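Have a go at each one before you read the solution.

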Amino acid sequence: MSAKRTNRSQNKSARKSKSRRHASRRTSAAQLDFIEAAARVLELSIEPAWKAAVEANLATTLRLAASFMEFPLPDDAEPAPIFRA
């Protein structure tokens, strides 16, 4: 692969990474508000040292949920049957 093509590829991935960081900063305040509200409702105390980890877990969960929501299903799709042992 040529050096020019490699640089373009690296620049492209750097831009994607940068845009992801900016997106997480935009939602960070809303996610922290949600985490604090949920903790109050559930009567949980979250130590300040754990808030970043809880926020990262929520961001991952929301990202994974979005990928499922984007998956197209036909209108006549049926749920899978339930099998019990």
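**Exercise 1.** Which residues does Glu-55 touch, not counting residues up to four places away in sequence?

*Solution.* Keep in mind that this is a predicted model. Start by finding Glu-55, which sits in helix H2. Now list its contacts, leaving out residues up to four places away in sequence: you get Ser-28, Gln-31, Leu-32 and Ile-35.

**Exercise 2.** Is Glu-55 buried or exposed, and which side chain of opposite charge is nearest?

*Solution.* First, Glu-55 is buried. Next, look for an opposite charge: the nearest such side chain is Lys-51, 9.7 Å away. A salt bridge needs the nitrogen and the carboxyl oxygen within 4 Å, and Glu-55 has no salt bridge. As background, 7% of the 85 residues in the protein chain count as buried.

**Exercise 3.** Where is Glu-43, and why does it count as exposed?

*Solution.* Glu-43 lies in the loop between H1 and H2. Its relative accessibility is 73%, so Glu-43 counts as exposed; the cut-off is over 50%. Check its backbone too: phi is positive, about 55°, although Glu-43 is not a glycine. Most residues other than glycine have a negative phi.

**Exercise 4.** Which residues form a nonpolar patch on the surface?

*Solution.* The patch consists of Val-41, Leu-42 and Leu-44, with about 340 Å² of accessible area together. Take Leu-42: you'll find it in the loop between helix H1 (3-41) and helix H2 (51-69). Leu-42 counts as exposed because its relative accessibility is 58%.

Note on methods: Residues numbered from 1 in each chain as written. Predicted model: local features only at pLDDT ≥ 70, side-chain atom pairs only at ≥ 80, totals over all residues. Heavy atoms only, no water. Patch = residues over 30% accessible without salt bridge, like charges linked within 9 Å, V, L, I, M, F, W, Y side chains within 5 Å. Areas by Shrake-Rupley, 256 points an atom, 1.4 Å probe, with all protein chains shown as cover. Helix = DSSP H or I, 4+ residues; strand = E, 2+ residues; numbered from the N terminus. Buried < 20%, exposed > 50% of the residue type's maximum accessible area, 1.4 Å probe, protein only. Lys, Arg positive; Asp, Glu negative; His and termini not counted. Contact = heavy atoms within 4.5 Å.
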